[in-house]
Amino acid sequence: IITIIMLLDELKKEINKKPPTLISGDKSATVALLLRRSTKNKENGSLDIFFIVRALNPKDRWSGQIAFPGGRGSSGETEIETATRECFEELGISLENYFDYCGRCFEKIKTK
């Protein structure tokens, strides 16, 4: 039987296998994949995944799309700080004390 802990350990290994892709520019964004034990199916170890539906805005090319919570970082903010702030702003979920950072997936590093 696969436990949630085993699943998260495997996820961490896989995420950290891929090297980053370099891109040019000075803008960056961060999204978060939030997983939690299901509150509905506690017996079978199900996981809930959190998504948002982006606001409708004709000037936004991602308008109305389903997405992971996230957004642009503020000046001097780390990726984890950006993800923490965005999850609270978009979902009302505080990651301040209770989250496990698994790594970066398909990261793109800015070059100037």
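Tutor: Let us begin with a term: a contact means heavy atoms within 4.5 Å. Residues 24 or more positions apart account for 50% of the contacts in this chain with a separation of 6 or more. Please keep in mind that this is a predicted model, in which local features need pLDDT of at least 70 and side-chain atom pairs count only at pLDDT 80 or more, while totals for chains, interfaces and linings use all residues. Residues are numbered from 1 along each chain as its sequence is written, and side-chain values use heavy atoms, with hydrogens and water left out.

Student: Okay, how many helices and strands does the chain have?

Tutor: There are two helices and eight strands, where helices (H or I, at least four residues) and strands (E, at least two) are DSSP runs numbered from the N terminus. Read from that end, the order of the elements is α-β-β-β-β-β-β-β-α-β.

Student: Which residues form the largest nonpolar core?

Tutor: That core has six residues, namely Ala-32, Leu-34, Phe-50, Ala-83, Cys-87 and Leu-95. A nonpolar core is a set of buried Ala, Val, Leu, Ile, Met, Phe, Trp, Tyr and Cys residues joined through side-chain atoms within 4.5 Å, and buried means under 20% relative accessible area, exposed over 50%, and partly exposed in between (1.4 Å probe, protein chains only). Not counting residues up to four places away in sequence, Leu-95 touches Leu-34, Ala-83, Thr-84 and Cys-87.

Student: New topic: what aromatic pair does a search of the whole structure find?

Tutor: The search finds one aromatic pair, formed by Phe-51 and Phe-68, which is stacked, with 5.4 Å centre to centre and 20° between the planes. Rings of Phe, Tyr and Trp (its six-membered ring) pair if their centres lie within 6.5 Å, and planes under 30 degrees apart count as stacked, over 60 as edge-to-face and the rest as tilted.

Student: Is Phe-51 buried, exposed or partly exposed?

Tutor: Phe-51 counts as partly exposed, at 45% relative accessibility, and Phe-68 is partly exposed as well, with a relative accessible area of 33%.
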